[in-house]
Amino acid sequence: MSHLVLVGGGHAHLTILKRLDVFSRHGHTVTLVSPDRYHYYSGMGPGLLGQTYSPPQIRFDLQEMVAGSGAFLHDRVVGLQPAQRTLLLASGQSLPYDVASFNVGSEVVVPQKFERDARLVPVKPIVNLETARQRLLAMPKGLKLRLLVAGGGPAGTEVAGNLRGLLDRTGRSGEVIQVAGHRLLANFPDRMRTLVLKQFARRQIDVREGVYLTSYTDGRALLDDGEELTVDGVFLASGVRPPDLFLQAGLSVGEDGGLLVNRVLQSVDAPELFAGGDCLCFAEQPLAKVGVYAVRQNPVLFENLLATLSAKPLQPFKPQRHYLLVLNLGDGQGVLHWRGHVLAGRWVCQLKDRIDRQFMRRFQ
């Protein structure tokens with residue numbers, strides 16, 4: 001009997017969690033280690049913030065998923081000892097494994113100059129958006145809010161649009177400012193940026209390009225153009241990185257600290273370690289940190305973990321060259337990018353909603 005430990009219940013582990021009985025039938029034990037009982041689907045996170053979705057609609061009950069075929073350990077992995085095949089937990093316990101797979105996602109980089117308080121909201125993990133939504137709705141309804149979003153990529157754009165949507169849907173007054181850095185949606189076609197800017201201008205979302213957030217302290221946000229803003233919330237969406245777990249363990253990592261894996265999603269140093277989603281660095285080619293890759297790694301990780309435990313050949317992960325990006329802009333409108341083409345409209349948001357709900361039905 002071998003012991004498989006799943007670290008994190010993210011998108012890339014969902015097939016494994018759904019089919020845990022296969023591992024038990026082969027005589028293996030499985031333990032899922034997660035600091036939270038629920039895993040929130042990132043694709044619907046901005047819609048949760050904007051109150052399009054309720055929490056139960058976008059989350060997976062990890063404890064329920066492993067019930068009957070595995071063990072759920074409510075804890076956090078804080079250390080890794082590859083030579084001893086042991087995980088160190090926040091509770092002070094250690095957990096041995098024969099094979100381990102990591103799907104711990106990425107975290108928003110919070111600069112040292114930023115004071116951590118309830119108004120500062122890293123957009124990952126997604127549960128932060130639900131906590132922020134509840135805090136904003138608990139504030140006096142007559143209070144005019146000022147909400148700042150730092151980051152001009154897809155995540156920051158969706159958060160800005162859905163914050164505006166939250167205010168409008170709940171009858172609250174306030175302003176939303178998106179500090180977009182060098183340029184809004186800089187890595188996408190100009191048409192995509194133009195469509196978003198036009199819609200955001202109509203909805204009075206203030207997009208600041210060529211400006212960066214440099215510090216935050218006690219409700220005051222300082223921009224690099226010298227302006228200081230008093231804010232009721234700062235949402236950080238300005239870049240993510242994997243946790244430094246693998247680097248501290250002395251394992252080979254990529255430039256961002258993600259576990260360096262080969263084409264079968266296996267650590268290049270330790271064949272008993274696997275990874276999926278944002279916490280890996282794929283040695284064959286760089287992968288964008290988007291959920292579609294984690295979802296596509298789902299069945300590959302399932303097959304390869306089972307094969308490793310059974311001493312059978314592994315199958316490669318073949319990342320797709322193109323992926324569909326659809327942004328939920330918070331008012332029922334959406335914009336999509338596919339192979340250089342950009343389309344927008346209410347039907348785009350409806351398409352995203354249908355895709356997301358189908359994904360949830362597969363695993364919930």
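**Exercise 1. Where is the place of Leu324, in the loop between which two elements?**

Before the solution, two remarks on the model are needed. This is a predicted model, in which local features need pLDDT of at least 70 and side-chain atom pairs count only at pLDDT 80 or more, while totals for chains, interfaces and linings use all residues. Residues are numbered from 1 along each chain as its sequence is written, and side-chain values use heavy atoms, with hydrogens and water left out.

*Solution.* Leu324 sits in the loop between α9 (291–309) and β23 (325–328); helices (H or I, at least four residues) and strands (E, at least two) are DSSP runs, numbered from the N terminus. The next step is its accessibility: Leu324 counts as partly exposed because its relative accessibility is 37%, where buried means under 20% relative accessible area, exposed over 50%, and partly exposed in between (1.4 Å probe, protein chains only). The loop between α9 and β23 is also the place of Ala311, which is exposed with a relative accessible area of 74% and has a positive phi of about 55 degrees although it is not a glycine.

**Exercise 2. Find the buried residues of helix α10 and state how they are arranged around its axis.**

*Solution.* Begin with the helix itself: α10 (residues 346–363) has 18 residues and reaches 27 Å from its first C-alpha to its last, close to the expected 26 Å, a span taken as 1.5 Å times one less than the number of residues. Its buried residues are Val348, Cys349, Lys352, Asp356, Phe359, Met360 and Phe363. Seen down the axis of α10, these buried residues fall within an arc of 105 degrees, so they line one face of the helix; the arc is that of the directions from the helix axis to the C-beta atoms. Trp347, also found in helix α10, is partly exposed, with a relative accessible area of 43%.

**Exercise 3. Which residue forms a salt bridge with Lys352, and how are the two placed in the helix?**

*Solution.* Lys352 forms a salt bridge with Asp356, and the closest N and O atoms are 3.2 Å apart; a salt bridge is a side-chain nitrogen of Lys or Arg within 4 Å of a carboxyl oxygen of Asp or Glu. Because they are four residues apart in helix α10, Lys352 and Asp356 are separated by about one helical turn. An α-helix has 3.6 residues a turn, so residues three or four places apart point the same way.

**Exercise 4. Describe the salt bridges of Arg208 with Asp206 and with Glu227.**

*Solution.* Start from Arg208, which is buried, with a relative accessible area of 18%. Its salt bridge with Asp206 has the closest N and O atoms 2.9 Å apart, and Asp206 counts as partly exposed at 30% relative accessibility. The side chains of Arg208 and Glu227 also meet in a salt bridge, at 2.9 Å from N to O. This second pair links distant parts of the chain, since Arg208 is in strand β14 (residues 205–208) and Glu227 in the loop between β16 and β17 (228–230), 19 residues apart.

**Exercise 5. Examine the backbone at Pro125 and at Leu185.**

*Solution.* The peptide bond from Lys124 to Pro125 is cis, with omega near 0 degrees, and Pro125 lies in the loop between β11 (120–122) and α5 (127–137). Leu185 is not a glycine, yet it has a positive phi of about 50 degrees. Most residues other than glycine have a negative phi, and most peptide bonds are trans. Finally, Leu185 counts as buried at 2% relative accessibility.
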